[in-house]
Amino acid sequence: MNKIKNMETSTNQAYLTFSVGKETFGANVKSVLEILEVPTLTTVPQAAVYMRGVINLRGSVLPVVDTRIKMGLPFQEDTVNTCIVVIQVEQHHQLMPLGIIVDAIQEVIDIQENQILPAPTLGNFANTLLTGMIKHQEKFVLLLNIQKLFSSEEIFELTETEEITNNL
């Protein structure tokens with residue numbers, strides 16, 4: 001009689017890690033389109049407080065959000081390491097590019113599904129924005145759920161800002 005060993009397969013996922021404040025976050029690379037230096041931003045009057053402005057990205061208007069402000073951290077002047085991560089979020093079954101300003105890019109890491117620990121249940125932020133966390137090089141990496149980083153209303157507001165700016 002042959003014994004078939006039940007092999008649990010664990011899928012690897014690549015995550016881009018970056019810092020915001022003192023924390024390290026990870027975003028699944030499937031949601032990341034590109035990484036840009038921070039150019040001069042065009043501010044949009046009466047936009048949400050976390051909206052830093054818009055940039056021209058190859059002929060399209062890209063809304064840019066200050067991740068620090070969105071996460072409730074104090075504003076910090078840009079440094080040489082500050083950059084924009086262009087992500088795509090889904091809005092009404094369409095993918096919309098959006099720029100998020102982060103303090104510094106770190107690296108791309110491969111994470112096995114069985115390495116992911118549950119997100120702490122210490123607050124609304126952790127419950128809604130994190131898919132989990134991992135221990136990497138003696139530090140925790142908080143794994144962001146990019147699709148929940150912004151509510152539907154916030155994405156709609158950012159889309160409206162993009163349309164208004166396109167019409168100027």
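The structure is a predicted model, in which local features need pLDDT of at least 70 and side-chain atom pairs count only at pLDDT 80 or more, while totals for chains, interfaces and linings use all residues. Residues are numbered from 1 along each chain as its sequence is written, and side-chain values use heavy atoms, with hydrogens and water left out.

The chain holds 3 helices and 10 strands, where helices (H or I, at least four residues) and strands (E, at least two) are DSSP runs numbered from the N terminus. Read from the N terminus, these elements follow the order β-β-β-β-β-α-β-β-β-α-β-β-α.

Of the 168 residues in the chain, 43% are buried, that is, they have under 20% relative accessible area with a 1.4 Å probe, protein chains only. The accessible surface, which comes from the Shrake-Rupley method with a 1.4 Å probe, amounts to about 10400 Å² for the chain, and 51% of this belongs to carbon and sulfur atoms.

An open sheet of mixed pairing is formed by 5 strands in the order S3-S6-S7-S5-S4, with two strands counted as paired if DSSP finds at least two bridges between them. Strands S3 and S4 stand at the edges with a single partner strand each, so one side of each is left without a neighbour in the sheet.

| Edge strand | Residues |
|---|---|
| S3 | 32-37 |
| S4 | 51-57 |

Within this sheet, strand S5 (residues 60-66) and strand S7 (residues 94-102) run parallel and are joined by 3 bridges, and Asp66 stands opposite Ile101 in S7.

Conventions. Buried < 20%, exposed > 50% of the residue type's maximum accessible area, 1.4 Å probe, protein only.
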